[in-house]
Amino acid sequence: MKFFVDTADIAQIKEVVSWGICDGVTTNPSLIAKTGKPLAKVVEEICAVVQGPISVEVTALDFEGMMTEARKLAAIKDNIVVKIPLTKAGIQATKACSDAGIATNVTLCFSAAQALIAAKAGASYISPFIGRLDDCGNEGMQIIEDITAIYRNYDFNTEVLVASVRHPIHVVESARLGADVCTVPFDVLDKLFSHPLTDIGLAKFMKDWEKVPK
Ligand code: E4P
């Protein structure tokens with residue numbers, strides 16, 4: 001499973017890249033807004049440090065507007081993936097992008113039916129929002145199981161990109177279910193490293209090492 005980092009914060013992205021586990025980046029309008037910088041500046045900064053796919057979202061809501069933004073974003077660099085919301089206009093734009101060879105990440109997916117539509121339109125990635133489903137009292141991971149099974153049945157090329165990840169169990173479950181990608185916020189990625197027994201074990205090894213004649 002690939003790890004994308006779900007942030008537009010360049011310091012966080014650089015740190016995850018330095019750990020050697022960053023396969024790509026996802027952003028959205030809220031994450032861009034948090035940086036306090038213009039979109040073009042943020043995209044330029046991320047492109048300078050990330051070789052893998054970088055999802056950048058369109059903000060137009062109509063087909064023509066989405067396509068104008070999609071073409072502009074795709075022209076920035078080969079690894080830009082145009083993020084498109086799962087609306088009728090968004091699905092039309094996804095199909096048009098797919099026909100034009102522009103990579104897409106269909107976002108704001110909350111059901112297996114929506115994921116099926118996105119795959120039929122030729123989306124490169126589908127982003128089911130697991131945490132937001134959990135927040136509403138639904139079992140978010142259930143749609144990952146459904147989508148991975150449906151995509152397998154028909155050999156769709158669309159990659160399942162688990163989004164709205166809140167904690168390490170979401171990451172582990174995504175991998176167990178065979179998701180292609182999990183996009184993980186910085187704080188959750190950081191937690192994946194930790195286990196108290198690792199700390200205790202290392203402290204003991206270091207203490208015993210002091211007894212070894214040098
Ligand atoms: C996905 O690409 C989105 O940027 C993100 O995962 C949304 O997560 P949130 O529900 O924590 O805002």
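In this predicted model, an oxygen atom of the ligand is 2.6 Å from an N or O atom in the side chain of Lys83, which makes a polar contact (a pair of N or O atoms within 3.5 Å; within protein, one must be able to donate a hydrogen and the other to accept it, and residues adjacent in sequence count only if both atoms are side-chain atoms). The protein buries 85% of the 350 Å² that the ligand exposes when taken alone, with accessible areas from the Shrake-Rupley method and a 1.4 Å probe, where for residues only the protein chains shown count as cover.

A note on conventions: residues are numbered from 1 along each chain as its sequence is written, and side-chain values use heavy atoms, leaving out hydrogens and water. Local features need pLDDT of at least 70 and side-chain atom pairs count only at pLDDT 80 or more, while totals for chains, interfaces and linings use all residues.

**Around the ligand**

- Asn28 places a polar side-chain atom 2.7 Å from an oxygen atom of the ligand.
- For Arg166, the distance from a polar side-chain atom to an oxygen atom of the ligand is 2.8 Å.
- The surrounding residues are Asp6, Thr26, Asn28, Lys83, Phe129, Arg132, Ala163, Ser164 and Arg166, where a residue is near the ligand if one of its heavy atoms lies within 4 Å of it.
- Sorted by class, this shell holds two nonpolar, three polar and four charged residues (Ala, Val, Leu, Ile, Met, Phe, Trp, Tyr, Cys and Pro count as nonpolar, Asp, Glu, Lys and Arg as charged, and the others, Gly among them, as polar).
- The ligand takes up the space of the largest pocket.
- A pocket here is an open set of points on a 1 Å grid over the protein atoms alone, where a 1.4 Å probe fits, with protein on both sides within 12 Å along at least five of seven lines; a molecule sits in it if more than half of its atoms lie within 2 Å of its grid points.

**The overall fold**

- The protein has eleven helices and eight strands, taken as DSSP runs numbered from the N terminus (helices H or I, at least four residues; strands E, at least two).
- Its C-alpha trace spans about 70 × 40 × 30 Å along the principal axes.
- Of the 214 residues in the protein, 44% are buried (under 20% relative accessible area; exposed is over 50%, partly exposed in between, with a 1.4 Å probe and protein chains only).

**Backbone angles to check by eye**

- Most residues other than glycine have a negative phi.
- Leu108, in strand β5 (residues 104-109), has a positive phi of about 60° although it is not a glycine.
- With a relative accessible area of 34%, Leu108 is partly exposed.
- Asp155 is not a glycine either, and its phi is positive at about 55°.
- Asp155 sits in the loop between α8 (140-154) and β7 (159-162), and its relative accessible area of 64% makes it exposed.

**Pairs along the chain**

- Thr68 belongs to helix α4 (residues 63-76) and is partly exposed at 40%; its C-alpha atom is 10.0 Å from that of Ala93, 25 residues apart along the chain.
- Thr87 lies in the loop between β4 (80-85) and α5 (88-100) and is partly exposed, at 37%.
- Between Thr87 and Thr107, 20 residues apart in sequence, the C-alpha to C-alpha distance is 9.4 Å.
- Gln114 is part of helix α6 (residues 112-120) and counts as partly exposed because its relative accessibility is 22%.
- Gln114 and Ala103 are eleven residues apart along the chain, with 18 Å between their C-alpha atoms.

Terms used. On a 1 Å grid over the protein atoms alone, a cavity is a set of points where a 1.4 Å probe fits but cannot get out, and a pocket is an open set with protein on both sides within 12 Å along at least five of seven lines; lining residues have an atom within 4 Å of a point.
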